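Let's walk through this structure together, from the overall fold down to a handful of residues. Keep the viewer open as you read.

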Amino acid sequence: QAQLVESGGGSAQAGGSRRLSCATSREIFTGSDMAWYRQSPGKQRELVAGITSNGAESYADSVKGRFAISRDDAGYRVFLRMNSLKSEDSGVYYCKADYFTGGSRREYWGQGTQVTVTV
């Protein structure tokens, strides 16, 4: 059973927008810092944006000012709002949870959702 489930991927034109969603369980969500990564063909997986359990946000330089990460504490979801999309934003986007419990840390990954930006 998948612990993290992403949705919202698809195609968008350059300059357009999309919103990705990642759903998980209450246990994982409330104990985790959450993040979005992406992997483009021929490239390593890279961190796009992160948000701690306290709501502190961080972004890769390439997406600052265009992307916004947020948490839905009632629905146990994390979102990635992507604006002003560029062709280089294309890739598979993965949701990740860094789950902290009892002094230990565990990683959970989603299955990924494809985003394709066309010029």
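In which strand does Thr 101 lie? Thr 101 lies in strand S9, where strands (E, at least two residues) and helices (H or I, at least four) are DSSP runs numbered from the N terminus. Before going further, a word on conventions. This is a predicted model, in which local features need pLDDT of at least 70 and side-chain atom pairs count only at pLDDT 80 or more, while totals for chains, interfaces and linings use all residues. Residues are numbered from 1 along each chain as its sequence is written, and side-chain values use heavy atoms, with hydrogens and water left out.

Now for the whole chain. It holds 1 helix and 11 strands, and reading along the sequence gives the pattern β-β-β-α-β-β-β-β-β-β-β-β. The radius of gyration is 14 Å, close to the 14 Å that the globule rule gives for 119 residues, so the chain is as compact as a globular protein of that length. That radius is taken over C-alpha atoms, and the rule is 2.2 Å times the number of residues to the power 0.38. Along its principal axes, the C-alpha trace spans about 45 × 25 × 25 Å.

How is this chain packed? Of the 119 residues, 40% are buried; here buried means under 20% relative accessible area, exposed means over 50%, and partly exposed is in between (1.4 Å probe, protein chains only). Among contacts with a separation of 6 or more, 54% are accounted for by residues 24 or more positions apart, a contact being heavy atoms within 4.5 Å. The accessible surface comes to about 6300 Å², and carbon and sulfur atoms own 44% of that surface; such areas come from the Shrake-Rupley method with a 1.4 Å probe, and for residues only the protein chains shown count as cover. As for charge, the mean positions of the 15 positive and 12 negative charges are 3 Å apart. In that tally Lys and Arg are positive, Asp and Glu are negative, and His and the chain ends are not counted; each charge is placed at NZ of Lys, CZ of Arg, CG of Asp or CD of Glu.

Arg 66 sits in the loop between strand S6 (57–59) and strand S7 (67–72), and Asp 89 is in the loop between S8 and S9. Arg 66 counts as buried because its relative accessibility is 11%, and Asp 89 is buried too, with a relative accessible area of 0%. Leaving aside neighbours within four places in sequence, Arg 66 is in contact with Arg 81, Met 82, Asn 83, Ser 84, Leu 85, Lys 86 and Asp 89. With residues up to four places away likewise not counted, Asp 89 touches Arg 38, Val 63, Arg 66, Phe 67, Ser 84 and Val 117.

What does the side chain of Asp 89 make a polar contact with? Its partner is the side chain of Arg 38, at 2.9 Å. A polar contact here is a pair of N or O atoms within 3.5 Å; within protein, one must be able to donate a hydrogen and the other to accept it, and residues adjacent in sequence count only if both atoms are side-chain atoms. The side chain of Arg 66, for its part, reaches the backbone oxygen of Ser 62 at 2.8 Å.

If you like backbone torsions, look at two loop residues. Ser 84, in the loop between S8 and strand S9 (91–101), has a positive phi near 50 degrees and is partly exposed at 40% relative accessibility. Tyr 76, in the loop between S7 and strand S8 (77–82), has a positive phi of about 55 degrees although it is not a glycine. At 25% relative accessibility, Tyr 76 counts as partly exposed.

Finally, visit Gln 13 in strand S2 (residues 10–13). Gln 13 is exposed, with a relative accessible area of 60%, and touches Leu 85, Val 117 and Thr 118, not counting residues up to four places away in sequence.
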